[in-house]
Amino acid sequence: MTIQNRNILIVTAHPEQRSFNHALTESATSALRAAGHDVVLSDLYAENFDASSGPGDFTARADAYHLHYQNEQTNAVRTKSFAPDIAREQAKLAAADVVIFQFPLWWGGPPAILKGWLDRVLAYGFAYVDGYRFDTGLFRGRHAILSVTTGGTPARFSDDGVYGPIEQLLRPIKRGALEYMGFEVAPSFVCYGAPRMSEEDRQAHLSLWAKQVLEIARLPIDRSLYPADPLSLVEDGAWARGR
């Protein structure tokens, strides 16, 4: 069976280019490109991505006196007035068949820069609208996966471990963001105890990760499910009574 080439977006959040996280990014990128897939990178630290949401996210405002974030996002979708960095990342995401998130686990979650990417890029009217979530989400028909490194050992993330299963820690991004948007999210790829790994173990993880991303790229994709105008699906002013 011929496998169609995929558009792959890898969002990487680690400040050190020589880190194991960047080695995992390179392993995935090399394997996917060698297989003929198109890979686009968002290296958030290298790009100095701004993690802070605020009025600077918009080049034009619906209300210059009161910042209601979802209302301003709605206006920005309609008037194409997102800040350039947000518009750039949204274009990458819109074109992607598969999205890979590569990051270390810091204080039980992703680095703040990645959380900021989620907050700013996954805008109302683009990534979600009222009444269209999970199995009816705007990005259904596409796939995503989290690739994570930890300092803790597997035992610490066991059912009886001090941290508990890692999927519980990753649930806010996996369930609360990606599955909410409609993505089918694969089980996370986790490299436990990364600072303690031998070079042999690191190479084994890099090889296994390369194989796993190729498997994900073979899964069926249907980007045609994304509506031409998501805002047309909901009542005008759905966010008018903000919070």
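**Figure 1. Arg202 and the ring of Phe20.** In this predicted model, the charged end of Arg202 lies over the Phe20 ring, 4.8 Å from the ring centre. A charge is taken to sit over a ring if NZ of Lys or CZ of Arg is within 6 Å of the ring centre and within 35 degrees of the ring normal. Residues are numbered from 1 along each chain as its sequence is written, and side-chain values use heavy atoms, with hydrogens and water left out. Local features need pLDDT of at least 70 and side-chain atom pairs count only at pLDDT 80 or more, whereas totals for chains, interfaces and linings use all residues.

**Figure 2. Aromatic pairs, with Phe101 and Trp117 as the example.** Rings of Phe, Tyr and Trp (its six-membered ring) pair if their centres lie within 6.5 Å; planes under 30 degrees apart count as stacked, over 60 as edge-to-face and the rest as tilted. The count by this rule is 13 aromatic pairs. Phe101 and Trp117 make an edge-to-face pair, at 5.7 Å centre to centre and 75° between the planes. Phe101 belongs to strand 3 (residues 98-104) and Trp117 to helix 4, so the pair ties together parts 16 residues apart in sequence. Helices (H or I, at least four residues) and strands (E, at least two) are DSSP runs, numbered from the N terminus. Phe101 is buried at a relative accessible area of 1%, and Trp117 is buried at 0%. Buried means under 20% relative accessible area, exposed over 50%, and partly exposed in between (1.4 Å probe, protein chains only). Ring pairs also join Tyr124, Tyr128, Phe134 and Tyr180 into a cluster.

Figure 3. The volume of the largest pocket is about 480 Å³. On a 1 Å grid over the protein atoms alone, a pocket is an open set of points where a 1.4 Å probe fits, with protein on both sides within 12 Å along at least five of seven lines; lining residues have an atom within 4 Å of a point. Grid points are joined across faces, edges and corners, and a volume is the space filled by probe spheres set on the points. Of the 20 lining residues, Leu118, Asp119, Leu122, Gly176 and Ala177 lie nearest the centre of the largest pocket. Helix 2, helix 4 (112-121) and helix 5 (166-181) each give at least two residues to this lining, and helix 5 gives the most, with eight.

**Figure 4. Second largest pocket.** This pocket holds about 270 Å³ of space. Its lining has 13 residues, with Ala76, Val77, Lys80, Gln90 and Phe126 nearest the centre. Helix 2 and helix 3 are the elements that supply two or more of the lining residues.

Figure 5. Tyr69, Gln70, Glu72, Gln73, Thr74, Asn75 and Ala76 are the buried residues of helix 2, and they pack against helix 4. Just after helix 2, Lys80 has a positive phi of about 55°. Ser81 lies in the loop between helix 2 (69-79) and helix 3 (84-95) and counts as buried at 2% relative accessibility. Leaving out residues up to four places away in sequence, Ser81 touches Asp57, Phe58, Thr59, Ala60, Asn75 and Ala76; contact means heavy atoms within 4.5 Å.

**Figure 6. Surroundings of Ala127.** Ala127 is in the loop between helix 4 and strand 4 (143-149) and is buried, with a relative accessible area of 0%. Apart from neighbours within four places in sequence, Ala127 contacts Leu122, Leu138, Phe139 and Met181. Ala127 and Ala112 are 15 residues apart in sequence and 20 Å apart in space, C-alpha to C-alpha.
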